[in-house]
Amino acid sequence: MTESIRLAKYLAEQQTCSRREAEQYIEGGWVKVDGVVVEEPGFRISARQKIELAPEATLESQDPVTILFHKPAGLDLFADPQLPVAELASSLILADKRAADDRAELRFLKRHLSNLTLIEPLETLASGLLIFSQDWRVTRKLVDDAAKIEHEYIVEVAGAIVEDGLKLLNHGLSFNRKPLPPIKVSWQNETRLRFAMKAPPRGLIVHMCEQVGLQVVAIKRIRIGRVPMAGLAVGEWRYLLGYERF
């Protein structure tokens, strides 16, 4: 080999396998070039470089992943509607931001950032739990059953609540000229409210608080269905574990 060659082509010849199998090995994170994992089949190599296939390499298909991410407040997910989810995810889901206590036995691969769906995005003001998923079953559950899945928020507020304001927050307000269904709202402390609601549209929490004399200072989503954000720090992420269900 005197000139550069695509890694997939070289590996196929080295391992006596098909080009597609070579690509699967590479995309699966099983191939190193000079000791560094390379996940791009089109990566070009030269004769001087050392190519290694991991002894445990497998061609078995890998399950789609779902990623939980702690969104920082101020991040606008709606600024560019044409921005592909994969591109957004690649800017947020970084290897060095994976939670240290992530118990998923998965190696972080670039393929985990492709074919993702961002489910139930948060408004710019809000921080908290975001879901990115490759799994159509997760997407179907969270989208098709959205009216049945409860979201929990901690909302920091300022101002003085009107008389019977908490009662109104629980039931009695309207949004977009339509009465709201009963919503679970309670005081967590003197400045923070806990909201538990299903299929919340953008702007609803701010609107509700304003109707009872409160100004919203911060919003954090801490749970979707049965999956909590738990100990994820701002900007950190982890994989959804196999036994976790929304």
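This is a predicted model: local features need pLDDT of at least 70, side-chain atom pairs count only at pLDDT 80 or more; totals for chains, interfaces and linings use all residues.

Me: Which residues are linked in a network of salt bridges?

Reply: Residues are numbered from 1 along each chain as its sequence is written, and side-chain values use heavy atoms, with hydrogens and water left out. A salt bridge is a side-chain nitrogen of Lys or Arg within 4 Å of a carboxyl oxygen of Asp or Glu. Here the network links Glu-150, Glu-152, Lys-184, Arg-194 and Arg-223, and the count of salt bridges comes to 12.

Me: Is Arg-223 buried or exposed?

Reply: Buried means under 20% relative accessible area, exposed over 50%, and partly exposed in between (1.4 Å probe, protein chains only). Arg-223 is buried because its relative accessible area is 15%. Glu-150 has a value of 15% and is buried, and Glu-152, at 12%, also counts as buried.

Me: Which residues have the most contacts inside the largest nonpolar core?

Reply: In soluble globular proteins, nonpolar side chains tend to be buried together. A nonpolar core is a set of buried Ala, Val, Leu, Ile, Met, Phe, Trp, Tyr and Cys residues joined through side-chain atoms within 4.5 Å. The largest one has 39 residues, and those with the most contacts inside it are Ile-93, Phe-132, Val-155, Phe-195 and Met-208. Helix α6 (204-211) is one of the elements that give two or more residues to this core, and the largest share, four residues, comes from α6. Apart from this core lies another, of 16 residues, among them Leu-7, Ile-26, Val-38 and Ile-45.

Me: With which residues is Thr-66 in contact?

Reply: Contact means heavy atoms within 4.5 Å. Leaving aside neighbours within four places in sequence, Thr-66 is in contact with residues including Ile-131, Phe-132, Ser-133 and Arg-238. Thr-66 lies in strand β6 and is buried, with a relative accessible area of 4%. A polar contact is a pair of N or O atoms within 3.5 Å; within protein, one must be able to donate a hydrogen and the other to accept it, and residues adjacent in sequence count only if both atoms are side-chain atoms. Such a contact, of 2.7 Å, joins the side chains of Thr-66 and Ser-133.

Me: Why do the buried residues of α2 line one face of the helix?

Reply: The arc is that of the directions from the helix axis to the C-beta atoms. In α2 (residues 19-27) the buried residues are Ala-22, Glu-23, Tyr-25 and Ile-26. Seen down the axis of α2, they fall within an arc of 160°, so they line one face. Their cover includes β1 (5-6), α1 (7-15), β2 (31-33) and β5 (51-53). Just after α2, Gly-29 takes a positive phi of about 80°.
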